[in-house]
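Open the model in your viewer and keep the sequence panel beside it. This tour moves from one selection to the next.

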Amino acid sequence: MTTHKVNIAEKLAGFTELWAPRRIARVNDYEVKAAKLRGEFVWHSHEDTDELFLVVSGTLTIRLRDGDVVLGPGEMYVVPRGVEHCPAADEETAMLLFEPTGTANTGDVGGNRTRDPVDA
């Protein structure tokens, strides 16, 4: 990827597929991914890394075994490594994810909802 200014709204407008993260930047060994989602994902965890969710539009509920975290635009939450979680959204929600390069979106679960990020 080249070094340049990134317009998050333009990147999000460039795709419609849900639950399929798009890589929009790299920071050292981390990727910044844009994603759109609606509905419920899969319960999973990331044993080796924290995962940062930053909501751009819509409402994201991060389901945790000990209670939900509800995020609106401009709010973020870090799921600590090893904590089982399940992202969900009643309406289409746009967000950014910050996680190490190579982190699977389905964490330790895998399956048919696993998507390798592509460049946006």
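This is a predicted model: local features need pLDDT of at least 70, side-chain atom pairs count only at pLDDT 80 or more; totals for chains, interfaces and linings use all residues.

The stops below cover salt bridges and one glycine in a loop.

**Before you start.** Residues are numbered from 1 along each chain as its sequence is written, and side-chain values use heavy atoms, with hydrogens and water left out.

Stop 1: Select Glu-92 and Arg-38. Their side chains form a salt bridge, 3.7 Å from N to O. The term means a side-chain nitrogen of Lys or Arg within 4 Å of a carboxyl oxygen of Asp or Glu. Glu-92 sits in strand β7 (residues 85-100) and Arg-38 in strand β2 (residues 30-40), 54 residues apart. Strands here are DSSP E runs of at least two residues, numbered from the N terminus. Buried or exposed? Glu-92 is partly exposed at 40% relative accessible area, and Arg-38 is partly exposed at 42%. The classes are buried under 20%, exposed over 50% and partly exposed in between, using a 1.4 Å probe and protein chains only.

**Stop 2: loop to loop.** Select Arg-81 and Asp-50. This salt bridge spans 3.7 Å, N to O. Arg-81 lies in the loop between β6 (76-79) and β7, and Asp-50 in the loop between β2 and β3 (51-57), so the pair ties together parts 31 residues apart in sequence. Arg-81 is partly exposed at 48%. Asp-50 is partly exposed too, at 32%.

**Stop 3: another loop pair.** Select Arg-65 and Glu-84. Their side chains meet in a salt bridge at 2.9 Å, N to O. Arg-65 is in the loop between β4 (60-64) and β5 (69-71), Glu-84 in the loop between β6 and β7, so the pair joins parts 19 residues apart in sequence. Arg-65 counts as exposed at 58%, while Glu-84 is partly exposed at 32%.

**Stop 4: the network.** Select Arg-23, Arg-26, Glu-31, Lys-33 and Glu-99. Salt bridges with shared partners join these residues into one network. How many salt bridges are there by this rule? The count is nine.

**Stop 5: the glycine.** Select Gly-82, in the loop between β6 and β7. Gly-82 is partly exposed at 33%. Which residues does Gly-82 contact, leaving aside neighbours within four places in sequence? They are Ser-45, His-46 and Glu-47. Contact means heavy atoms within 4.5 Å.

Conventions:
Helices (H or I, at least four residues) and strands (E, at least two) are DSSP runs, numbered from the N terminus.
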